[in-house]
Amino acid sequence: GMRASPVCWARATLDDVLAEARRSAEVTHDHPEGIKGAQAVAAAVFLARTGSSKGDIRSAIANRFGYDLSRRLDDIRPHYTFDVTCQGSVPEALITFLESSGWEDAVRKAISLGGDADTLACMAVAVAEAFYGEVPPAIAAEVVARLDHRIRATMSRFAERFVV
């Protein structure tokens with residue numbers, strides 16, 4: 001799920017996004033739940049990128065993938081533990097986005113859950129960026145400055161090709 005978001009910018013229809021998310025997940029997570037998780041995150045990013053409301057995103061993901069997105073972070077947080085499974089991380093990441101008020105808020109809320117916080121944050125902010133717009137410039141500048149030139153070049157080529 002945490003590596004599926006680029007396909008949402010590179011494909012023009014939800015069906016194409018789901019097919020590409022499947023292909024991207026099969027390489028490293030060739031398990032039905034891993035594929036489902038990647039597709040759910042990809043679908044959420046695509047829906048956010050194409051103007052869907054949070055309510056529509058919640059309904060679409062819950063209906064298509066069967067994830068319970070009706071829970072609240074305040075109820076999840078006290079009992080959440082490190083869970084690397086998609087069924088134990090994708091819904092929590094999507095709920096994090098759904099309860100967020102902006103990109104940075106999504107990061108903070110994901111980290112507040114604990115567990116596999118970098119994975120949760122990666123998935124939550126992928127949807128948040130598509131929904132709220134760009135990563136705050138000061139944060140983006142700090143992160144990009146820490147990347148080596150090859151990764152920065154790859155990011156640049158991707159952004160030019162797919163107009164992120």
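Colleague: At roughly what angle do the axes of helix H2 and H3 cross?

Modeller: Quick ground rules: this is a predicted model, where local features need pLDDT of at least 70, side-chain atom pairs count only at pLDDT 80 or more, and totals for chains, interfaces and linings use all residues. Residues are numbered from 1 along each chain as its sequence is written, and side-chain values use heavy atoms, with hydrogens and water left out. Helices are DSSP runs (H or I, at least four residues), numbered from the N terminus. The axes of H2 (residues 14–28) and H3 come within 8 Å, and they cross at roughly 140°.

Colleague: And what does that make H2 relative to H3?

Modeller: Axes here are lines fitted to C-alpha atoms over the stretch in contact, with angles from 0 to 180 degrees between N-to-C directions. Under 35 degrees counts as roughly parallel, over 145 as roughly antiparallel, 65 to 115 as roughly perpendicular and the rest as oblique. That angle of roughly 140° therefore makes H2, relative to H3, oblique.

Colleague: How confident is the predictor, and where in the protein is confidence highest?

Modeller: pLDDT is the predictor's confidence in each residue, from 0 to 100. The protein's mean is 92, with 98% of its residues at 70 or more. Helix H1 (residues 6–10) is where confidence is lowest, at a mean of 89, while the highest value, 98, belongs to H4.

Colleague: How many of the 10 residues of helix H6 are buried?

Modeller: Buried means under 20% relative accessible area, exposed over 50%, partly exposed in between (1.4 Å probe, protein chains only). Val-90, Pro-91 and Glu-92 are among the buried ones, as are Ile-95 and Phe-97. H6 (residues 90–99) is largely enclosed by the rest of the structure, because the buried count is 9 of the 10.

Colleague: Which helices do those buried residues pack against?

Modeller: Contact means heavy atoms within 4.5 Å. On that basis, the buried residues of H6 pack against H3 (32–49), H4 (54–65), H5 (73–76), H7 (103–113) and H8 (117–132).

Colleague: Take H8, then: how far apart are its axis and that of H6?

Modeller: The two are oblique to each other. On the H6 side the contact includes Val-90, Ala-93 and Phe-97, and on the H8 side Leu-120, Met-123 and Phe-131 are among the residues involved. The angle is about 40° and the axes are 8 Å apart.

Colleague: How do H4 and H6 lie relative to each other, and why?

Modeller: Their axes are 10 Å apart, and the packing angle is about 165°. Lys-54, Ile-57, Arg-58 and Ile-61 of H4 meet Leu-94, Phe-97 and Leu-98 of H6. With that angle of about 165°, H4 and H6 are therefore roughly antiparallel.

Colleague: Is Ile-57 buried or exposed?

Modeller: Ile-57 sits in helix H4. Leaving aside neighbours within four places in sequence, its contacts include Ala-44, Leu-47, Phe-97 and Phe-131. Its relative accessibility is 3%, so Ile-57 counts as buried.

Colleague: Last one: how far apart in space are Ile-57 and Leu-94?

Modeller: Both residues belong to the contact between H4 and H6. In sequence, Ile-57 and Leu-94 are 37 residues apart. In space, C-alpha to C-alpha, the separation is 9.4 Å.
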